[in-house]
Amino acid sequence: MACRWLAVSCCYAVVLAMPSLCCAQSALPDSALRNVMLDDIFVYGQSSVEYQKDFSQTGTQIGQGFITDNLSSSLMQTLQAVPGVKASTIGSSQSKPIVRGLGLNRVVVTVDGVKHDGQQWADDHGLDIDQFSVDRAEVLKGPSALIAGSDAVGGLLRLYTNSLPVDTLEGKVSVFYRSNSDAVGLSGRVGGRYGRFFYKGGLTAVSYADYRVPADSITYNSYNIRLKNGRLRNTAGNEASAHLRLGYISRRLRSDVKISDSYSRSGFFANAHGLEVRLSSIDYDSHSRDIDLPCQTVNHLTLLSHTDYRFASGGSSLSVDAAWQNDFRRECSEAVSHGYMPKPQGTTEREFRKNNASLNAMFRMRLPHANELQAGVSGEFQHNRIGGWGFIIPDFEVLSAAVFASDKMDVTPHLSLNAGLRYDLSRVSIHSYRDWYKSPVGSGSPDSLYVERSQAMDGMFNALTWSAGVVYDNAGWILKANVGKGFRVPTAKELGCNGISYQLFRYEQGNSSLSPEVSYQLDASVIFQNKHLTVEIDPYVNYFPNYIYLNPTPDYIEGMQLYNYTQARVWRWGAEAQVAYSFCRFLEASVKGEYLYARQLSGSKKGYTLPFSTPWSAEAECKYKFGRRMDGFVAVNVRIVGDQDEIVPPELPTDGYWTLNASAGKAFRIKDYVLSANLRAENLLNRRYYDHTSYYRLIGVPEPGINVQAMLSFEF
Amino acid sequence: MRIRHFCVFVLSLMFVSLASCGDSDSKDIAYPVISDTLTTASPVECDRFYRGETIHFHALFTDNVELGNFNIEVHNNFEHHSHGTSATDCELDPVKSATSKVWVYNESFSIPANSAAYDAYVDIPIPDDIDTGDYHFVVRVTDAAGWQFYKAFSVKILE
């Protein structure tokens, strides 16, 4: 608590001191400032003035330089450097996005404008996207239903892999090594343009061993799990991904098709599957790179086409995206009998095969009085089939369609307004599922039956969402305010599940009467930039009239604690703040932080927070640049995370921690080629700490110890 | 200048509201407990029972606010999996597979409302035709807020 006060007071002091710092700078003429900004984007988090002025929602733009400088073990861990964004990690090399404390099905990820559709609901399933294929990214915080429809309640992560090649042949080859998990990786990308035609391709392969934690043993449920050489046994994995894009570009038309595939196979910690302690006769310690049971295999295949057409008159344009995605996931473990389930055959515990076809079309046109109108339609079909002897979600199909329109108006050169409206309609069809083994009907009764774990149902859900905002910019200041409504169609698991999750030791009961989750959010951004100083503060308030919550009850069904899906009113607020100061050409410093508060206002957990609430955190960094072209840097970074005592069953409070990190890089130009070397060290002091939102937190596994990453890239 | 004053005002408001937001509500964030010190507890780790006899289950549950319900489950450990809530290693029979005569027991019991402590007694008869061997005896207890605690004992059922 004391620590939080200290952090808040520090932030306050910085904020109060800020206006006096800005005084001298705001006297500069506006046009001079603009030029400085455009030429030299030194802004923290790569958010340029032009980008921030463009729309009223709080957002951050992330370029490839940022990704290279912050490159970590997985895409979300790399993007964690953006305030308000967090990675929920599953082992050392997989993670899912959390935006302002909301994750899983409450954050949408799009790749080149198409919603990435995997198994978002599953907490042990990382984001299956190759971070080396990303050219730029954008994080929108808060409800983004207008752009992404259902699920974009917490935020929207937009990834782009479609930047145009310039030369006939260009590319980049990178090799890297990470000491903690002995990861080795190779990534190559190549592209070229021949007149109106272009191509881009890439290959990435990564192999990592069991990762190391600063501990000799882990104590969970009074059971002492000894670790050999501090390695978390069976957390090794392999990843491979490839993509190829072919396109045509002329003055009016751009059209391209892309095929990409991302494959991974990784192990889960051998001594506990979910919350269940396991002893096995498998010799896990024989090799740190082998993948034994339990493990998962994931493959995501995407076929995508994007077409833009600019009309001859009026600055109008039409864009059409069509995509097909196939997501496969198989989770294997050693079969054991549980309750009335006899020991099953084989090792496939769960399997999901999901197909998704989507089509979006959008029309943009300029209207008189500086209006810019956008309107479009969107449709999607999801088809999910399951396999294996464990049950967690049923087979389902979802068919959805949407229409939307928005308008942006420049009232004066400094003031713009925008507003939009969207209507979504979804039909969710859930199939019946019965156990493959019989259970007794009741105690003492000789009868037994195949229990139905999911009832067939058909549900129609609709939502009218909207958003409105204002942007004002003047003399280096940008003030933004946005109010919006987001929604989320309940998932098949929330509507239809009715069975035991043995890994989490609970009986999960869906609720077919759930209504679409709705969220209202008011965001503001205050941004100040001049040649030396960047300040950004993004506060928000958020209200859910019916947050879908998996509620732990005191009751038992079939020997397991009953968790049922309910809806509760929820109130949240928070803020991110960042200050970056450039002392001179070669020295800059920055401080950033985030805080989030959540309360359930109704239901049986009234007064509690939401599951896996992110604690406050702050980060300070000092960066020294060198070299004739300022293409070398050394940076030291301290990250402080507060205690998390705000918990709901079955979470554990998590103590705060701090880590020391450092990075350095230098680019060397040889003729037309660039050779760059990057070094990055995380948790330099090898401190033992726990991350409240990590998958392995509940079984008491600390976060990785010291990790040094070395990367060499050759650009041609 | 006016913008700057406005911003300082907004920020001040923000931080004042942050600072004033104390955690006044008292929430139950503690697990219920299955007593370790009860000398008459049954079963205990590595207990041995005979087919046809009765297990006189006895445990003491306590909670800081209010207990919920409890559950007793017995399943075989013929393949030596482990739930390991005990650091003791009991001597196990050789690995074998279960037949259709394997014993499965799974019953839930309610605890009277507003109890912060409860002495639980349950008589569990062991059928006389079941597979003998290593079993797990699992006791789970919840509190009214939904926190759960469990203990698993390795027991042996003999001929």
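User: Why is K625(A) called partly exposed?

Analyst: In this predicted model, K625(A) has a relative accessible area of 22%. Buried would require under 20% and exposed over 50%, so K625(A) is partly exposed.

User: What makes E588(A) count as buried?

Analyst: E588(A) has 16% relative accessibility. The cut-off for buried is under 20%, so E588(A) counts as buried.

User: How do you know that the side chains of K625(A) and E588(A) meet in a salt bridge?

Analyst: The N to O distance for K625(A) and E588(A) is 3.6 Å, and a salt bridge needs the nitrogen within 4 Å of a carboxyl oxygen. K625(A) lies in strand β33 and E588(A) in strand β32 of chain A, so the pair ties together parts that are 37 residues apart in sequence.

User: What makes R189(A) and D135(A) a salt bridge?

Analyst: Their side chains meet at 2.5 Å, N to O, and the limit is 4 Å. R189(A) is in strand β9, whereas D135(A) is in the loop between β5 and β6 of chain A, 54 residues apart. Both R189(A) and D135(A) are buried.

User: Why are E508(A) and R506(A) called buried?

Analyst: The relative accessibility of E508(A) is 2%, and R506(A) has a relative accessible area of 13%. Buried means under 20%, so E508(A) counts as buried, and so does R506(A). Their side chains meet in a salt bridge at 2.7 Å, N to O.

User: Why is the pair of Y624(A) and F626(A) called stacked?

Analyst: The ring centres of Y624(A) and F626(A) are 6.3 Å apart, with the planes at 25°. Pairing requires centres within 6.5 Å, and planes under 30 degrees apart count as stacked, so the pair is stacked. Y624(A) is partly exposed at 41%, and F626(A) is partly exposed at 29%.

User: What makes the pair of F61(B) and F70(B) tilted?

Analyst: The centres of the F61(B) and F70(B) rings are 5.0 Å apart and their planes are at 50°. Stacked needs under 30 degrees and edge-to-face over 60, so the pair is tilted. F61(B) is buried, at 0% relative accessible area, and F70(B) is buried at 2%. Ring pairs link F61(B) and F70(B) into a cluster with F57(B), F109(B), Y118(B) and F137(B).

User: How do you know that the charged end of K96(B) sits over the ring of F78(B)?

Analyst: The charged end of K96(B) is 4.5 Å from the centre of the F78(B) ring, and the distance limit is 6 Å. In chain A, the charged end of K623(A) sits over the ring of F633(A), 4.7 Å from its centre.

Technical notes
Residues are numbered from 1 along each chain as its sequence is written. Chains are lettered from A and ligands numbered from 1 in the order in which they are written. This is a predicted model: local features need pLDDT of at least 70, side-chain atom pairs count only at pLDDT 80 or more; totals for chains, interfaces and linings use all residues. Side-chain values use heavy atoms; hydrogens and water are left out. Rings of Phe, Tyr and Trp (its six-membered ring) pair if their centres lie within 6.5 Å; planes under 30 degrees apart count as stacked, over 60 as edge-to-face and the rest as tilted. Buried means under 20% relative accessible area, exposed over 50%, partly exposed in between (1.4 Å probe, protein chains only). A charge sits over a ring if NZ of Lys or CZ of Arg is within 6 Å of the ring centre and within 35 degrees of the ring normal. Helices (H or I, at least four residues) and strands (E, at least two) are DSSP runs, numbered from the N terminus.
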